[in-house]
Structure formats: structure tokens, C-alpha cells
Amino acid sequence: MTIFKRALGGSRMKHSRWFSKWFILPVVVITMVAALVVGMSAALFTDTETSNDSTFAAWTSTQWTQTSQADFNAGVLSGTNTSLSPDDVILSAGVGSGANMILFWDGASAPSGWTFLSNAGGAFNNRFPRGAATYGGTGGVATHTHTVGLASLGAPATTAVSGSGTNRSAVGHTHALASGSTVAASNLPSYRNLRVITSTGVPTTIPAGAIAIFDTTPPSGWTRYSDQDNYFVRGAATAGGTGGANTHTHSTSISLAAASGNQAVSTTNPRTAVATSTHTHAAASGTTDAPDSRPPFITVILAKADSATAIPAGMIAMFNASPSGDWSVLSGSGGDFDGRFIVGSSSYGTTGGAGTHSHANLPIASAVPTGTGNASTTSPTASAASSAHTHSVTVSFGAPSTTSLPPYIDVIFAKALYASSGTIASQVLDTTVTGSNWDALFWDESLATGTDITFAVRASDTSFLKTAVTPPSWTSAGGTSPVLTGLTSGRYKQWRATLTTSDASNTPTLQEARVYYYGG
């Protein structure tokens, strides 16, 4: 009876498996001889049987282990990756086409194969990226103003005078606004500049130093880019410059038109100065409140690639079109990035801001009248507006004159997903023995929810390339380790693992494969 031992569960076990075979013999001695095979790790197991005065080798089985990144890379990978989880095989992520990838950068020169989009005259120069379903729309302005309206007008101070005769300004006179304006305020929220780079198509490798977006803790090989925390991202020809503010005020100026409302007065002595019936009030000013004026935003986690790397699942990048393949667009209608600007943060997903803003009504004390005249104070029978009266003027503000959004460019945001399936075929093993038996196939794996790994094998006494389609043909070995039966015989052997997932956020992991065969 042959006994195989394998670690249960998802833990990774890398060690030799013992084969033992029992015969009805007086003494059983088991020895192990290590053998070195070019490009592989091998162990030779021999049962040495002793019966009376004769000793003979009952059988041998050699172990061929594929466990390192170099081992796996010597095979044929399709839709799988060995660099993101070293010494393991996982599904590839972010494979796609039909669009150019766009990332952030803070270096002096663009990486090889990438070009700048944020230099002077570039599409992103002094513009904020904003999520959208289509690429390239622009809008926003650097500053804005508001229209000013009269909300209320307070009564003036008065003087007692004699009635009848010449018209002067009545106690209850009113004014319209002759003018009202606000000084332009900036639309730019608190920002930090980054350079913007683009590739041709969807690359397979992200260059060292590239800055991408994540919605969770960045994976191994990426360092969180905290320099951008609490800043909106704006494209520029150089990185690092800051500016803008998340609130603003407006200096507001008004003047009052000619009075409306008269009082007849006498002008005989004794008399005093009062406001004329057509007086005005010169310019006066005040400052508005300071509301939150940030545009619609979402907080994101930015991270920089420590070295050149394959695209990790979960990486969020910008594109000039919707990428096909293993990408999920996040800026379409109702998506996280739809109509939103991005703000660096230690956490993902906080939203806020608005496409417009308003200011509360502002009280301003008017200037004194611009016109005065005399009125008699003998036997006062009426009242007129004082020659030095003012009004408490309350003004209101309309919507921004243009838009309160900063200059922006619409861009598509998409998230890298795992491929639904991929394969890795081993290199071809030359056992050097014609008709070599394939005794067993073991593998170690870790299966996340919705994932699986299945194996197929092939063997032939005629040599074949590792990339050969057929012959020899593949034989299914199933998805449960170990496989002890149905394994093909032949001098040359090869296995193939198929990794699959029904959840694009999860991948199965192949950690090791071990072939046991008769090696002569």
C-alpha cells in the first residue's frame, strides 16, 4: 500500500513526501538519496529489501518540485502572474485594451514609454481631473462673482421741521440700488499639483514611481503617497506646488440711487440742514461670509510603485476611453467618481462638496446723503430725513456669475479586476526513461471564495516543446490533490494548472506542484 501525506487546509507546506511500501520480508530498510537535476529539485526514494542472503532495490520514485518564481517562470503563463505574490502563481489583473492609461507622476522625466499630459498646453495643464462617463470634456473657471440685490433698507435718522413749502426728503423715503458688485473670488479648492502621464494602450507593467489610486490599503510593493493628503489633485507641469482654499469671501460694494418720498417744509429762519428730496448715498462696502466652496469630491488613497510592477487587482487608473477586458469603470452614471474631483486621503470613499454655493445676506451701513437743503425749525409740525442720516442696507447674493467649479477635464476612472481564468503550464520534464510511470501529482493551493484550480497532464516518449498545442494531448487530472491514478506515462512529462474565479476581486493561489515519477 502506498501512503501519501499532505498538509490540510490553506497552510503552505514545502517538504518531501515519503512513499512507503510494505512487503512480507524480515527486515525493511528505507534510505533516501538526494539527486540534483538541472532546472528542478529532485529527491530519489528507494526501498532496499533484504531477504535471507540477497538484497535488491524494490522500486524507485523521483520527486520533481516546482515552487519558486524561477520554476514557474520557466513554464508557460497565460493570464497568470508570478511577480505580485513571489513564489506563487495567481491570476493576472488589469489586462485590457481600447484605451490609454493615465497616471500621476512627481518626477522630472517621464518614464520610458509614457508621455506628459500636464505640461504647458497639455490637456491636464492647470486642470483638475473629474470623473465622467466620457473623456475630454472641459469646463470650470478660475474665479467667479455674484449678482447683488437689495433685500431690505432701514429707516433714516430724522429732524423735526416746519411743514409746507419746499420738498425735502421724507422720513419714510426709500432708495433702490444704484450699483452692487462683488470682487471676484477664486474657484480653486485647496490643491497640490501632480504631473500627469499617459501610456499608449493599457500597459502590462506599471513603471517605478508611478502614482495610482486605491480604495483600500495599497498592496505590497506600493507606498502610500501621503504628501497629497487633504489636497485636491491638479495637473501641472511640475509637481508639489500648492494653492487654493476650501472657503472664500467676497468684498462687496453698493451705492443707493436717488430717494423716493418727499416732505414739504418751510425754509424760513431759523432753519437747519436736512436731506434733499433727490439725495443719493455714495458707495459703501462689506465682506461676505465664507461658506465651504469645495466642488463635488471623493477621497482616495494614492500610492507610488516602489519598482516596476504588474498591475495589481484593485488599482484604479484614469483612461481616455472605457477600457475593455479586466477593468470596471467607476465614473459612469452613479459610479463613485461620477462628476467628482479627487482628494488625497488615508481612507477611501468620503464624499462632499457641491456644484454651486451661496452666501448669506450681508448688512452694510450706507454712506451719508450726497445732497442737503434747509428746513425751518420754527414751530415744528413735520419731520424730514437728517442731513447725516444713513441706512442699514441688507443685500442678497445670486448664484455664481458663471460656475463655482475650478478648471477641469473629464476623465474615465476604472478599477483593475482579476481575469476570470488563466493557465500555467510547467516546463517539460525529461525523466531520461522511456515509458516512465507518473506515480503521483501533488500541489499546494489557497482558494479564496469563488475560486478553483484544476490540473491536466500529458506525457510522451517523443520530446515536445512546452508551448506545443498537440501532440501529446492533455488529460484532465481534476482539482483535488493528490492525484494518484490516471496519470499518463512517457519519458517527457508536463502539467498544466487552470486557475479560475467567479469573483473578479478574488484569485486562487498555486503555491507548489510536485510530480512523483519512475526515474530508473
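Which residue forms a salt bridge with aspartate 430, and how far apart are the closest N and O atoms? Here are my notes on that and a few other spots.

1. **Ground rules.** This is a predicted model, where local features need pLDDT of at least 70, side-chain atom pairs count only at pLDDT 80 or more, and totals for chains, interfaces and linings use all residues. Residues are numbered from 1 along each chain as its sequence is written, and side-chain values use heavy atoms, with hydrogens and water left out.

2. **The opening pair.** The partner of aspartate 430 is arginine 491, with the closest N and O atoms 2.7 Å apart. (A salt bridge here is a side-chain nitrogen of Lys or Arg within 4 Å of a carboxyl oxygen of Asp or Glu.) This pair links distant parts of the chain, 61 residues apart: aspartate 430 is in strand β41 (residues 429–430), and arginine 491 is in the loop between β44 (475–478) and β45 (492–501). Strands (E, at least two residues) and helices (H or I, at least four) are DSSP runs, numbered from the N terminus. Aspartate 430 is partly exposed at 30% relative accessible area, and arginine 491 is partly exposed at 25%. For these labels, buried means under 20% relative accessible area, exposed means over 50%, and partly exposed is in between (1.4 Å probe, protein chains only).

3. **Other salt bridges.** The count comes to eight salt bridges. One of them joins aspartate 106 to lysine 304, with 3.1 Å between the closest N and O atoms. Aspartate 106 sits in the loop between β8 (101–105) and β9 (114–116) while lysine 304 is in strand β28, so this pair ties together parts that are 198 residues apart in sequence. Aspartate 106 is partly exposed, at 28%, and lysine 304 is partly exposed too, at 24%. Have a look as well at arginine 224 and aspartate 229, whose side chains meet in a salt bridge at 2.9 Å, N to O; arginine 224 is partly exposed at 31% relative accessibility. Asp444, Glu512 and Arg514 are linked in a network of salt bridges.

4. **Aromatic pairs.** There are 11 aromatic pairs. (Rings of Phe, Tyr and Trp, the last by its six-membered ring, pair if their centres lie within 6.5 Å; planes under 30 degrees apart count as stacked, over 60 as edge-to-face and the rest as tilted.) Take phenylalanine 232 and phenylalanine 297: their ring centres are 5.8 Å apart and their planes are at 75°, so the pair is edge-to-face. Phenylalanine 232 is in strand β22 (residues 232–235) and phenylalanine 297 in strand β28 (residues 297–305), so the pair ties together parts 65 residues apart in sequence. Phenylalanine 232 is buried at 2% relative accessible area, and phenylalanine 297 is buried at 5%.

5. **A stacked pair.** Phenylalanine 337 and phenylalanine 413 are stacked, at 4.5 Å centre to centre with 15° between the planes. Phenylalanine 337 belongs to the loop between β32 (327–329) and β33 (341–344) and phenylalanine 413 to strand β39 (residues 408–416), so this pair ties together parts 76 residues apart in sequence. Both phenylalanine 337 and phenylalanine 413 are buried.

6. **A cluster, and charges over rings.** Phe128, Tyr191, Phe341 and Tyr408 form one aromatic cluster. Arginine 130 lies over the face of tyrosine 408, 4.0 Å from the ring centre. Arginine 195 lies over the face of phenylalanine 116, at 3.6 Å from the ring centre. The rule for a charge over a ring is NZ of Lys or CZ of Arg within 6 Å of the ring centre and within 35 degrees of the ring normal.

7. **Two loop residues.** Glycine 450 is in the loop between β42 (438–446) and β43 (451–460), and is partly exposed at 37% relative accessible area. The C-alpha atoms of glycine 450 and asparagine 506 are 7.4 Å apart, though these residues are 56 apart along the chain. Threonine 276, in the loop between β26 (271–275) and β27 (281–287), is buried at 17% relative accessibility. Threonine 276 and alanine 258 are 18 residues apart in sequence, and 9.7 Å apart in space, C-alpha to C-alpha.
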